[in-house]
Amino acid sequence: MTQENRLKFRGGWAMAFVPIAAFLAFCILFFVVFKAFDMTALAMGGFVSLLIGALFAKPYGSYWDAVMKGVGSPTSVSIVLILFTVGMMSSLIKATNVSGGFVWIADTLGIGSGTFTLFAFIAVGIISMSTGSSIGTMFTAFPIFYPAGVLLGADPAILAGAIVSGAIFGDNVAPISDTTIISASTQRFRRKEGSADIGGVVSSRARFALTAAAISAVGFLVLASTRKHDTADGAHELLKATEDPKALVMLIPVAIMLVVALRTRNIFKAVTVGLVTGIVTGLAARLIVPSDIIGVTDGVPTGFLSAGVTNMLGTVALVFAVFGIMGVLTAAGVLERLVEAISRGRLSDTPRGAEIAIGLGVSVTTLLFGGVNSAAMLTFGPVADEIGSRVGLHPYRRAVVMDCFAMGIACIVPVMSAYLFIGALLTSGYDTAPALSTTEIFLAMLYPLVLTVVMLVAVGTGWHRRFEGEGGAVLKEPDHPYVVPDKVS
């Protein structure tokens, strides 16, 4: 982009940051002041921020042309289509009460307080992977697992940390997660058309996520076994009230969907198969009835298909708002300046350096966005795409590095984290379980902490670093003269 074609601002090009600064102010307002988390509210903040930024642009009309170009970009449109599609599958899983099936397992096996914390981490992880929503899973899992676990004698802080960690872990590996969709969609191939496919990204990321999860699982078991809470009366009755063994049958369509996603690397085909098999399974098991699929009550649409689309409207609005801001930054040459500044630095000279730059950049962006990693990756994704592609890193690798660092320690800083604010909120209101502070939960957040260490090791050693070959092939060493690469595994 030439200097003449760039969007101009009164006060200089730095005024292009006004929309994102205003948006960050809204994040702080909702998370820190109001202690509330709502995608629609965040989207509102994004659109208001765009209105504020327009006041400093010249000419005014060019500013909105840049906004519409960002909103209408192929990446933005593809993310929206995928979000609406996976929203229906996520709603189906919630409607069939899979959480109740895991509670039944705990009760049937007679799991004690220490083991219950480990069980909660694993169960919540599977639920989050099935729904593709860490935040949604937390709202479902906390009312079931937290009071029941405390009644059984589990340490409250460690249990809460296990539940939030499980939600983040499941989101980290789910092919239908918005973070997976965003991280893949923002990383473009350079030697063929299109963006990174979700199946390939999930396959590449699994080794890092599963390594962190295994270490975290051992940690939760050890901590929960050494720190216990006094067991209260009523634990068994609470478990009985929430358990539903039939709901476990819904893991069959979830497994089928995951297999199709990984084998075909086509998320639309996978969700279609998952929805069809899920509906058939749910009806056969009498977990749902036809009216639960689609219906109308008093003129209002009902059913999980409608709910799945409706539940994604806030996230889609946020995508539009953030991509509108990205359009302004791109038109003003801000992203180009940022990439050039990083590229001139020593970090960008090697694949390892580029990965460090991506990890640091997305971590800072995630921190500024209050732990909302989807918004952070929407913002930083194009920068990571340029930085990584200049040294030949494969789109899968770029997506993995960005996604895992965004799901690490940066998303759970106590004073800014949406995850910890929600976790603290959901621990309150129980007579039998204590409310916790964000700091107490943070100290038990093993998965994001361990994931950060795993990724630092992966970047430092080159573990499974891969490069893009002809036609998008995955190579251990580059076949194109980008730079002299680091030693790869």
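This is a predicted model: local features need pLDDT of at least 70, side-chain atom pairs count only at pLDDT 80 or more; totals for chains, interfaces and linings use all residues.
Residues are numbered from 1 along each chain as its sequence is written, and side-chain values use heavy atoms, with hydrogens and water left out.

Figure 1. On a 1 Å grid over the protein atoms alone, a cavity is a set of points where a 1.4 Å probe fits but cannot get out, and lining residues have an atom within 4 Å of a point. A volume is the space filled by probe spheres set on the points, which are joined across faces, edges and corners. The lining consists of Ile20, Phe23, Val322, Ile325, Met326, Phe369 and Thr379. H15 gives the largest share, three residues. Helices are DSSP runs (H or I, at least four residues), numbered from the N terminus. By class, the lining has six nonpolar residues, one polar and no charged; Ala, Val, Leu, Ile, Met, Phe, Trp, Tyr, Cys and Pro count as nonpolar, Asp, Glu, Lys and Arg as charged, and the others, Gly among them, as polar.

**Figure 2. The largest cavity and its lining.** The structure holds two cavities of 30 Å³ or more, and the largest contains about 50 Å³ of space. Ser204, Phe208, His394, Tyr396, Arg397, Val400, His464 and Arg466 form its lining. Two or more of these residues come from each of H10 and helix H19 (395–406), and H19 provides the largest share, three residues. The lining of the largest cavity comprises three nonpolar, three polar and two charged residues.

**Figure 3. The second largest pocket.** This pocket has a volume of about 590 Å³. Among the 33 residues that line the second largest pocket, Met39, Ser133, Ile135, Asn311 and Thr315 are the closest to its centre. A pocket is an open set of grid points with protein on both sides within 12 Å along at least five of seven lines. Several helices each supply at least two lining residues, including helix H2 (39–54), helix H7 (134–151), helix H15 (304–331) and helix H20 (418–426). The lining of the second largest pocket divides into 11 nonpolar, 18 polar and four charged residues.

**Figure 4. Helix H20.** Eight of the nine residues of H20 are buried, where buried means under 20% relative accessible area with a 1.4 Å probe, protein chains only. The buried residues of H20 are Ala418, Tyr419, Leu420, Phe421, Ile422, Gly423, Ala424 and Leu426.

**Figure 5. The packing of H9 and H10.** H9 and helix H10 (residues 198–226) pack at an angle of about 105°, with their axes 9 Å apart. Axes are lines fitted to C-alpha atoms, for helices over the stretch in contact, and angles run from 0 to 180 degrees between N-to-C directions. H9 and H10 are therefore roughly perpendicular to each other, a term that covers angles of 65 to 115 degrees. Thr180, Ile181, Ser183 and Ala184 in H9 are in contact (heavy atoms within 4.5 Å) with Ile198, Val201, Val202 and Arg205 in H10. This contact has five nonpolar, two polar and one charged residues.

Methods:
Buried means under 20% relative accessible area, exposed over 50%, partly exposed in between (1.4 Å probe, protein chains only). Angles under 35 degrees count as roughly parallel, over 145 as roughly antiparallel, 65 to 115 as roughly perpendicular and the rest as oblique.
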